[in-house]
Amino acid sequence: SDIKIPKFSKPSKDKKKKAMTIEVLLSDLHYGKKTKTFNLEVARRRMAELARTVIKEIYRSKELYNVDRLIVALLGDIIESATMHKLESAKGCEFGNSRQIQEAINSLFFDFFVPVSAECAKLGIKIDVPAVTGNHDRTESERTFNDPGEENVTYIIYKTLELLIKQSGMKHVSFYIPNSPYQELEIYGSIALYEHFDNAKANTREALLALMARRQGQLGKIVAFFRGGHFHETTIFG
(Lines give C-alpha, C1' and ligand atoms only; values in the text may rest on other atoms or scores of the structure.)
Protein backbone atom coordinates (compact mmCIF):
# COMPACT_ATOMS: atom_id res chain seq x y z
CA SER A 1 0.00 0.00 0.00
CA ASP A 2 2.98 2.35 0.51
CA ILE A 3 4.18 1.85 -3.08
CA LYS A 4 3.45 5.03 -4.99
CA ILE A 5 3.65 4.62 -8.75
CA PRO A 6 2.92 7.88 -10.62
CA LYS A 7 0.21 7.93 -13.28
CA PHE A 8 1.49 7.00 -16.72
CA SER A 9 2.19 10.26 -18.55
CA LYS A 10 1.57 10.79 -22.22
CA PRO A 11 5.06 10.68 -23.73
CA SER A 12 6.33 14.01 -25.04
CA LYS A 13 7.92 13.48 -28.46
CA ASP A 14 10.41 15.83 -30.03
CA LYS A 15 10.04 15.65 -33.84
CA LYS A 16 13.75 16.39 -34.28
CA LYS A 17 14.79 13.33 -32.26
CA LYS A 18 14.95 9.68 -33.37
CA ALA A 19 13.06 6.98 -31.49
CA MET A 20 15.03 4.77 -29.11
CA THR A 21 14.54 1.52 -27.20
CA ILE A 22 16.76 0.82 -24.18
CA GLU A 23 17.50 -2.80 -23.35
CA VAL A 24 18.57 -4.10 -19.94
CA LEU A 25 19.79 -7.69 -19.70
CA LEU A 26 19.33 -9.28 -16.26
CA SER A 27 20.89 -12.72 -16.23
CA ASP A 28 22.59 -15.15 -13.85
CA LEU A 29 21.57 -13.32 -10.68
CA HIS A 30 21.98 -16.54 -8.64
CA TYR A 31 20.05 -15.42 -5.55
CA GLY A 32 21.05 -17.79 -2.74
CA LYS A 33 24.65 -18.32 -3.90
CA LYS A 34 27.26 -17.78 -1.19
CA THR A 35 30.97 -17.15 -1.77
CA LYS A 36 33.64 -15.07 -0.01
CA THR A 37 32.51 -12.02 -2.00
CA PHE A 38 28.83 -12.71 -2.71
CA ASN A 39 25.67 -13.21 -0.66
CA LEU A 40 22.10 -11.85 -0.49
CA GLU A 41 23.19 -8.46 0.87
CA VAL A 42 25.62 -7.98 -2.03
CA ALA A 43 23.02 -9.18 -4.57
CA ARG A 44 20.45 -6.66 -3.33
CA ARG A 45 22.97 -3.82 -3.19
CA ARG A 46 23.99 -4.52 -6.79
CA MET A 47 20.37 -4.70 -7.96
CA ALA A 48 19.57 -1.32 -6.38
CA GLU A 49 22.70 0.14 -7.95
CA LEU A 50 21.68 -1.24 -11.35
CA ALA A 51 18.23 0.38 -11.02
CA ARG A 52 19.86 3.77 -10.32
CA THR A 53 22.18 3.31 -13.31
CA VAL A 54 19.29 2.41 -15.63
CA ILE A 55 17.36 5.52 -14.53
CA LYS A 56 20.45 7.70 -15.18
CA GLU A 57 20.88 6.08 -18.63
CA ILE A 58 17.24 6.82 -19.50
CA TYR A 59 17.64 10.51 -18.64
CA ARG A 60 20.97 10.68 -20.48
CA SER A 61 19.48 9.08 -23.61
CA LYS A 62 16.45 11.41 -23.48
CA GLU A 63 18.76 14.35 -24.25
CA LEU A 64 19.31 13.00 -27.78
CA TYR A 65 16.45 10.55 -28.43
CA ASN A 66 12.75 9.96 -27.84
CA VAL A 67 13.02 6.98 -25.49
CA ASP A 68 9.74 5.17 -26.08
CA ARG A 69 10.42 1.72 -24.66
CA LEU A 70 12.50 -0.09 -22.06
CA ILE A 71 13.09 -3.82 -22.45
CA VAL A 72 14.05 -5.58 -19.21
CA ALA A 73 15.08 -9.09 -20.23
CA LEU A 74 15.07 -11.64 -17.40
CA LEU A 75 17.37 -14.28 -18.87
CA GLY A 76 17.38 -17.09 -16.30
CA ASP A 77 19.53 -18.50 -13.49
CA ILE A 78 17.60 -16.21 -11.18
CA ILE A 79 18.29 -18.55 -8.25
CA GLU A 80 21.35 -20.67 -7.45
CA SER A 81 19.30 -23.80 -6.43
CA ALA A 82 20.38 -25.74 -3.35
CA THR A 83 19.40 -29.10 -4.85
CA MET A 84 20.30 -29.21 -8.57
CA HIS A 85 23.71 -30.82 -7.91
CA LYS A 86 22.61 -32.41 -4.62
CA LEU A 87 25.06 -31.90 -1.72
CA GLU A 88 27.51 -29.93 -3.89
CA SER A 89 24.80 -27.29 -4.58
CA ALA A 90 23.76 -27.06 -0.93
CA LYS A 91 27.38 -26.35 0.10
CA GLY A 92 27.47 -23.28 -2.14
CA CYS A 93 24.17 -21.82 -0.92
CA GLU A 94 23.30 -19.34 1.81
CA PHE A 95 19.79 -20.83 2.26
CA GLY A 96 17.34 -23.26 0.61
CA ASN A 97 15.24 -23.05 -2.55
CA SER A 98 12.00 -21.70 -1.05
CA ARG A 99 13.81 -18.71 0.42
CA GLN A 100 15.86 -18.25 -2.77
CA ILE A 101 12.60 -17.90 -4.73
CA GLN A 102 11.14 -15.49 -2.15
CA GLU A 103 14.28 -13.31 -1.93
CA ALA A 104 14.55 -13.15 -5.74
CA ILE A 105 10.96 -11.87 -6.02
CA ASN A 106 11.52 -9.40 -3.17
CA SER A 107 14.72 -7.97 -4.60
CA LEU A 108 13.63 -7.79 -8.24
CA PHE A 109 10.38 -6.10 -7.25
CA PHE A 110 11.54 -3.60 -4.61
CA ASP A 111 15.15 -2.99 -5.68
CA PHE A 112 14.60 -2.82 -9.43
CA PHE A 113 11.04 -2.71 -10.79
CA VAL A 114 9.51 -0.24 -8.30
CA PRO A 115 12.09 2.56 -8.83
CA VAL A 116 12.57 1.96 -12.57
CA SER A 117 8.89 1.67 -13.46
CA ALA A 118 8.03 4.76 -11.36
CA GLU A 119 10.45 6.85 -13.46
CA CYS A 120 9.22 5.25 -16.69
CA ALA A 121 5.59 6.06 -15.76
CA LYS A 122 6.54 9.73 -15.24
CA LEU A 123 8.28 9.83 -18.62
CA GLY A 124 5.66 7.86 -20.58
CA ILE A 125 8.00 4.92 -21.32
CA LYS A 126 6.47 1.44 -21.68
CA ILE A 127 8.36 -1.55 -20.24
CA ASP A 128 8.44 -4.99 -21.88
CA VAL A 129 9.76 -7.95 -19.89
CA PRO A 130 10.69 -11.11 -21.82
CA ALA A 131 11.25 -13.64 -19.01
CA VAL A 132 12.96 -16.95 -19.81
CA THR A 133 14.28 -19.75 -17.62
CA GLY A 134 17.83 -20.96 -16.98
CA ASN A 135 19.49 -24.26 -16.06
CA HIS A 136 19.87 -23.31 -12.35
CA ASP A 137 16.16 -22.50 -12.00
CA ARG A 138 15.23 -26.07 -11.12
CA THR A 139 15.00 -28.19 -7.99
CA GLU A 140 15.75 -31.61 -9.57
CA SER A 141 19.24 -32.82 -10.53
CA GLU A 142 18.14 -33.57 -14.12
CA ARG A 143 17.03 -30.84 -16.52
CA THR A 144 13.56 -31.05 -18.04
CA PHE A 145 12.99 -30.50 -21.76
CA ASN A 146 9.23 -30.57 -21.24
CA ASP A 147 8.00 -26.94 -20.97
CA PRO A 148 10.98 -25.75 -18.88
CA GLY A 149 9.56 -22.21 -18.81
CA GLU A 150 6.63 -23.53 -16.79
CA GLU A 151 8.25 -26.45 -14.96
CA ASN A 152 11.19 -24.46 -13.50
CA VAL A 153 10.87 -22.16 -10.48
CA THR A 154 11.25 -19.05 -12.66
CA TYR A 155 7.56 -19.58 -13.46
CA ILE A 156 6.75 -18.84 -9.81
CA ILE A 157 9.15 -15.87 -9.71
CA TYR A 158 7.98 -14.28 -12.97
CA LYS A 159 4.25 -14.88 -12.44
CA THR A 160 4.46 -13.44 -8.89
CA LEU A 161 6.39 -10.40 -10.16
CA GLU A 162 3.80 -9.92 -12.89
CA LEU A 163 1.01 -10.07 -10.30
CA LEU A 164 2.75 -7.66 -7.87
CA ILE A 165 3.43 -5.20 -10.69
CA LYS A 166 -0.18 -5.38 -11.92
CA GLN A 167 -1.57 -4.94 -8.38
CA SER A 168 0.71 -1.93 -7.82
CA GLY A 169 -0.89 -0.16 -10.76
CA MET A 170 2.07 -0.43 -13.16
CA LYS A 171 -0.11 -0.79 -16.27
CA HIS A 172 2.78 0.22 -18.53
CA VAL A 173 4.71 -3.01 -17.72
CA SER A 174 4.06 -6.14 -19.84
CA PHE A 175 5.49 -9.63 -19.16
CA TYR A 176 6.17 -12.32 -21.78
CA ILE A 177 6.66 -15.68 -20.02
CA PRO A 178 7.04 -18.59 -22.47
CA ASN A 179 6.75 -22.33 -21.75
CA SER A 180 9.69 -22.89 -24.11
CA PRO A 181 13.30 -21.81 -23.32
CA TYR A 182 13.07 -18.72 -25.58
CA GLN A 183 10.92 -15.63 -26.18
CA GLU A 184 10.79 -13.32 -29.18
CA LEU A 185 10.11 -9.57 -29.21
CA GLU A 186 9.90 -7.18 -32.12
CA ILE A 187 12.14 -4.11 -32.00
CA TYR A 188 11.51 -1.60 -34.82
CA GLY A 189 10.50 -4.36 -37.23
CA SER A 190 13.36 -6.75 -36.34
CA ILE A 191 13.08 -9.90 -34.22
CA ALA A 192 15.06 -10.10 -30.98
CA LEU A 193 15.24 -13.52 -29.37
CA TYR A 194 15.89 -14.01 -25.65
CA GLU A 195 17.19 -17.31 -24.25
CA HIS A 196 19.48 -18.48 -21.43
CA PHE A 197 22.05 -20.09 -23.80
CA ASP A 198 22.53 -23.28 -21.76
CA ASN A 199 21.31 -24.99 -24.96
CA ALA A 200 24.34 -23.64 -26.86
CA LYS A 201 27.21 -26.10 -26.75
CA ALA A 202 29.84 -23.39 -26.17
CA ASN A 203 30.31 -19.63 -25.98
CA THR A 204 31.58 -19.43 -29.56
CA ARG A 205 30.23 -17.76 -32.66
CA GLU A 206 29.70 -21.18 -34.33
CA ALA A 207 27.78 -22.68 -31.39
CA LEU A 208 25.54 -19.62 -30.95
CA LEU A 209 24.88 -19.35 -34.69
CA ALA A 210 23.88 -23.05 -34.73
CA LEU A 211 21.40 -22.43 -31.89
CA MET A 212 20.13 -19.27 -33.61
CA ALA A 213 19.60 -21.21 -36.87
CA ARG A 214 17.62 -23.84 -34.95
CA ARG A 215 15.42 -21.19 -33.35
CA GLN A 216 14.86 -19.43 -36.68
CA GLY A 217 13.63 -22.76 -38.10
CA GLN A 218 11.25 -23.19 -35.16
CA LEU A 219 9.96 -19.61 -35.37
CA GLY A 220 9.91 -19.44 -39.18
CA LYS A 221 11.41 -15.94 -38.87
CA ILE A 222 14.79 -14.27 -39.32
CA VAL A 223 16.33 -13.33 -35.95
CA ALA A 224 18.28 -10.07 -35.94
CA PHE A 225 19.36 -10.02 -32.28
CA PHE A 226 20.09 -13.02 -30.04
CA ARG A 227 20.39 -12.29 -26.33
CA GLY A 228 21.38 -14.66 -23.56
CA GLY A 229 23.37 -15.33 -20.41
CA HIS A 230 24.74 -18.56 -18.92
CA PHE A 231 28.44 -18.05 -19.71
CA HIS A 232 29.03 -15.30 -17.11
CA GLU A 233 30.99 -13.08 -19.48
CA THR A 234 30.34 -10.42 -22.09
CA THR A 235 30.51 -11.78 -25.63
CA ILE A 236 29.53 -9.82 -28.74
CA PHE A 237 29.79 -11.11 -32.31
CA GLY A 238 29.30 -9.07 -35.48
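This is a predicted model: local features need pLDDT of at least 70, side-chain atom pairs count only at pLDDT 80 or more; totals for chains, interfaces and linings use all residues.

A search of the whole structure turns up 12 salt bridges. Let's go through some of them, starting with Asp128 and Arg69, whose closest N and O atoms are 2.8 Å apart. This pair links distant parts of the chain, since Asp128 sits in strand β3 and Arg69 in strand β2, 59 residues apart. Asp128 has a relative accessible area of 10%, so it counts as buried.

Now turn to Glu80, which forms a salt bridge with Lys33; here the closest N and O atoms are 3.7 Å apart. Both partners are in loops: Glu80 is between β2 (65-74) and α2 (87-91), while Lys33 is between β1 (18-26) and α1 (40-62), so the bridge ties together parts that are 47 residues apart in sequence. With a relative accessible area of 7%, Glu80 is buried, whereas Lys33, at 27%, is partly exposed.

Next comes Glu184 with Lys221, a salt bridge in which the closest N and O atoms are 3.0 Å apart. Glu184 belongs to strand β5 and Lys221 to the loop between α6 (205-219) and β7 (223-227), so parts 37 residues apart in sequence are tied together. Glu184 is partly exposed at 23% relative accessibility, and Lys221 is partly exposed at 35%.

Gln183 counts as buried because its relative accessibility is 15%. Neighbours within four places in sequence aside, Gln183 is in contact with Pro130, Val132, Tyr176, Pro178, Ala192, Leu193 and Tyr194.

Glu140, Asp147, Glu150 and Glu151 gather on the surface in a patch of negative charge. The residues of such a patch have no salt bridge, as the definition of a patch requires. Glu140 lies in the loop between β3 (126-130) and α4 (148-151), and its relative accessibility of 49% makes it partly exposed.

Notes
Residues are numbered from 1 along each chain as its sequence is written. Side-chain values use heavy atoms; hydrogens and water are left out. Buried means under 20% relative accessible area, exposed over 50%, partly exposed in between (1.4 Å probe, protein chains only). Contact means heavy atoms within 4.5 Å. Patches are made of residues with over 30% relative accessible area and no salt bridge: like charges are joined within 9 Å, nonpolar side chains (Val, Leu, Ile, Met, Phe, Trp, Tyr) within 5 Å. Accessible areas come from the Shrake-Rupley method with a 1.4 Å probe; for residues, only the protein chains shown count as cover. A salt bridge is a side-chain nitrogen of Lys or Arg within 4 Å of a carboxyl oxygen of Asp or Glu. Lys and Arg count as positive and Asp and Glu as negative; His and the chain ends are not counted. The place of a charge is taken as NZ of Lys, CZ of Arg, CG of Asp or CD of Glu. Helices (H or I, at least four residues) and strands (E, at least two) are DSSP runs, numbered from the N terminus.
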